[in-house]
Amino acid sequence: MEKKGKQSEESSELFMHQLVTLADLEKFKEQMLSEMRRLLAGGGTQHSKQWLKSREVRKLLDVSPGKLHAMRASRQLAFMRIGGVIYYDRTDIDKMFEKFKIAASK
């Protein structure tokens, strides 16, 4: 215990004697903004969650609980049940969209 106390005291002493300049803050701000831009740019094309719960799928498809149940029963939409919770794979939902997509007529 005595070593940990001495180590934390030494590390805090190192930081107490350091100054943060405006240039340091500007550099930190630019790093944070560039990281946020990178994360946001990648987020538009990729879905954040692979497995969705029924509530999320109903909202995504804008269907009632009964319609979602009918889609499961007719094997229109694959699912997985763990305990009392039903999960849907996001890729299966995307495939279903592609399967039922109607091509535009020219």
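**Stop 1: the D94–R90 pair**

Select D94 and R90 in helix α5 of this predicted model. They sit 4 residues apart, so about one helical turn separates them. The pair forms a salt bridge, with the closest N and O atoms 3.9 Å apart. Colour the two by accessibility. R90 counts as buried, because its relative accessibility is 16%. D94 is partly exposed, with a relative accessible area of 31%.

**Stop 2: the rest of α5**

Keep α5 (90–100) on screen. Which residues of α5 are buried? Select R90, I93 and M96. Look down the axis of α5: these residues fall within an arc of 120°, so they line one face of the helix. Now turn to the face pointing away from that buried side. K95, E98 and K99 are there, and they are exposed.

An α-helix has 3.6 residues a turn, so residues three or four places apart point the same way.

Next, show what the buried residues of α5 pack against. Display β1 (51–53), α3, α4 and β3.

Zoom in on I93. Leave aside its neighbours within four places in sequence. I93 then contacts L52, V57, L60, L61, L77 and Y88.

**Stop 3: the nonpolar core**

How many residues does the largest nonpolar core have? It has 10: L52, V57, L61, L68, M71, L77, I86, Y88, I93 and M96. Colour them by element. α3, α4, β3 and α5 each give two or more residues to this core.

In soluble globular proteins, nonpolar side chains tend to be buried together.

**Stop 4: helix α4 and its cover**

Select α4, residues 65–73. The buried residues of α4 are L68, M71 and R72. They cover an arc of only 100° around the axis, which puts them on the same side of α4.

**Stop 5: two positive phi angles**

Step out to the loops. Select D62, in the loop between α3 and α4. Its phi is near 55°, a positive value in a residue other than glycine. Is D62 buried or exposed? D62 is exposed, with a relative accessible area of 70%.

Move on past α4. R75 comes just after this helix, in the loop between α4 and β2 (80–82). R75 is not a glycine either, yet it has a positive phi of about 60°. R75 is exposed, with a relative accessible area of 68%.

**Stop 6: K49 and E56**

Select K49 and E56. They form a salt bridge, and the closest N and O atoms are 2.6 Å apart. K49 is partly exposed, with a relative accessible area of 39%. E56 counts as partly exposed at 22% relative accessibility.

**Stop 7: helix α2**

Go to α2, residues 22–43. Select E35 and R38. Their salt bridge has its closest N and O atoms 2.6 Å apart. The two are 3 residues apart in α2, so about one helical turn lies between them. E35 counts as partly exposed at 36% relative accessibility. R38 is exposed, with a relative accessible area of 51%.

Side chains of opposite charge can pair when their charged atoms come close. The count for the model comes to 5 salt bridges.

Stay on α2 and select L25, which lies in this helix. L25 counts as partly exposed, at 47% relative accessibility. Together with L25 they form a nonpolar patch on the surface, with about 340 Å² of accessible area.

**Stop 8: the whole chain**

Zoom out and switch to cartoon. The protein has 5 helices and 3 strands. Trace the elements from the N terminus: they run α-α-β-α-α-β-β-α.

Now colour by burial. The protein has 106 residues, and 13% of them count as buried. Show the surface next. The accessible area comes to about 9,400 Å², and carbon and sulfur atoms hold 58% of this.

Last, draw the contacts. Take those with a separation of 6 or more; residues 24 or more positions apart account for 51% of them.

Terms used. Residues numbered from 1 in each chain as written. Predicted model: local features only at pLDDT ≥ 70, side-chain atom pairs only at ≥ 80, totals over all residues. Heavy atoms only, no water. Patch = residues over 30% accessible without salt bridge, like charges linked within 9 Å, V, L, I, M, F, W, Y side chains within 5 Å. Areas by Shrake-Rupley, 256 points an atom, 1.4 Å probe, with all protein chains shown as cover. Salt bridge = Lys/Arg side-chain N within 4 Å of Asp/Glu carboxyl O. Buried < 20%, exposed > 50% of the residue type's maximum accessible area, 1.4 Å probe, protein only. Arc of directions from axis to C-beta. Contact = heavy atoms within 4.5 Å. Core = buried A, V, L, I, M, F, W, Y, C linked by side-chain atoms within 4.5 Å.
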